[in-house]
Amino acid sequence: MVKKPHPHPNPPLEGEGVGAPVASPDTTLSLKGGGELRYSRHLLLNEWGQEAQAKCAAAHAVIVGAGGLGSPAAHFLAAAGVGTITLCDDDDVDLTNIQRQMLYATADIGKRKVEAARDRLRAVNPDIALHVRDARMDEATLCELARAADVVLDCTDNYKTRHAINRACVAARAPLVSGAAIRFYGQVTVFDLRNNDSPCYHCLFGENESLEEARAATLGVLAPLVGIVGTTQAAEALKLLTGIGEPLTGRLLMVDALTMRWETVRVKRSRRCPVCSGREPN
């Protein structure tokens, strides 16, 4: 059986911050200069096509956390041609990261994560705009990021930041893709806060509940599991950005990697939620 759901499982670099002017991506560029070949395997999909690719090129994804979950999520969003990606983290690369954080190599040890990640993502796709925030995110910054985003991916590993991201996304009505992985257990869900019926993170995991903080640094995590969860987050983000498929809104997808059993649990919005109960129709 899959374990019970668990909520875990400073200034920007010069010229790289969200606060700096960001030119709107030219959606026509997504299929120029080799774009048709670069994105050809997506363009072959009937559900995707040129319209979805243009939506990707015009979109802005914010990824908070550039570790085990943020690494595969950022890689696949960049490779898919999401026009603007903002990556946030305040940590250095260390040897323990290399086991599971696919954006980094041994030669990156000691570098700032956002710098190493930016270089890797630019090598993956030089045609997109990459911005980084090398700082711990406070409430004001998260609100700024959420207002500027078409989708936000929570790839962090602590409750306080998760709830702060949730509050910012509720206020901005920004879709939020949340993932967590610890030991052998992972989970992903979508809070599409553009939709009045969608729950928020607090509806599922109350901020004042006595929940044990679980981190890979103390409990460990199976390396491929973070790839599974982070990649699923990227897939959900792409569906939200392009309008294809059915996102995981109102559904919590859980995986037990020891048995490779998957389970989906329905999640409803709490009308008494102190964070999102006051949402009014757009």
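How much accessible surface does the chain have, and what share of it belongs to carbon and sulfur atoms? The accessible surface comes to about 13,000 Å², and 51% of that belongs to carbon and sulfur atoms. Accessible areas were computed by the Shrake-Rupley method with a 1.4 Å probe; for residues, only the protein chains shown count as cover. Of the 282 residues in the chain, 53% are buried. Here, buried means under 20% relative accessible area, exposed means over 50%, and partly exposed lies in between (1.4 Å probe, protein chains only).

The structure is a predicted model, in which local features need pLDDT of at least 70 and side-chain atom pairs count only at pLDDT 80 or more, while totals for chains, interfaces and linings use all residues. Residues are numbered from 1 along each chain as its sequence is written, and side-chain values use heavy atoms, with hydrogens and water left out. The pLDDT is the predictor's confidence in each residue, on a scale from 0 to 100. Its average over the chain is 88, and 84% of the residues score at least 70. Residues 8-29 stay under 50 in pLDDT. For this stretch the model has 52 contacts beyond four places in sequence. A contact means heavy atoms within 4.5 Å.

The chain holds ten helices and eight strands. Both are DSSP runs, numbered from the N terminus (helices: H or I, at least four residues; strands: E, at least two). Eight strands form an open, mixed sheet in the order β3-β2-β1-β4-β5-β6-β7-β8. The edges are held by β3 (129-133) and β8 (261-266); each has a single partner strand, so one side of each lacks a neighbour in the sheet. Neighbouring strands are turned by 15° against each other on average, direction ignored. Axes are lines fitted to C-alpha atoms, for helices over the stretch in contact, and angles run from 0 to 180 degrees between N-to-C directions.

Helix α6 (residues 139-148) packs on this sheet. It touches β1 (60-64), β2 (84-88), β3 and β4, and its direction makes about 150° with that of β1.

Two strands count as paired if DSSP finds at least two bridges between them. Thr84 has Ala129 of β3 as its bridge partner.

Asp154 is bridged to Ser178 in β5. Seven of the seven residues of β5 are buried. Leu176, Ser178, Ala180 and Ile182 lie on one side of the strand, with Val177, Gly179 and Ala181 on the other. Both faces are covered.

Ser178 also takes part in a side-chain polar contact of 3.4 Å with Arg162. A polar contact is a pair of N or O atoms within 3.5 Å; within protein, one must be able to donate a hydrogen and the other to accept it, and residues adjacent in sequence count only if both atoms are side-chain atoms. Arg162 is found in helix α7. Its relative accessible area is 1%, so Arg162 is buried. The Arg162 side chain also reaches the backbone oxygen of Thr156 at 2.7 Å. Val64 is 98 residues away from Arg162 along the chain, yet their C-alpha atoms are separated by 9.4 Å.

Most residues other than glycine have a negative phi. Arg173 has a positive phi of about 55°. Arg173 is found in the loop between α7 (159-172) and β5, and counts as buried at 16% relative accessibility. Met260 likewise has a positive phi, near 55°. Met260 is placed in the loop between β7 (251-256) and β8. With a relative accessible area of 42%, Met260 is partly exposed.

Leu248 lies in another loop, between α10 (223-242) and β7. Leu248 counts as buried, at 6% relative accessibility. Beyond four places in sequence, Leu248 touches Val188, Thr189, Val190, Glu236 and Leu253. Leu248 and Asp192 are 56 residues apart in sequence, and 8.8 Å apart in space from C-alpha to C-alpha.
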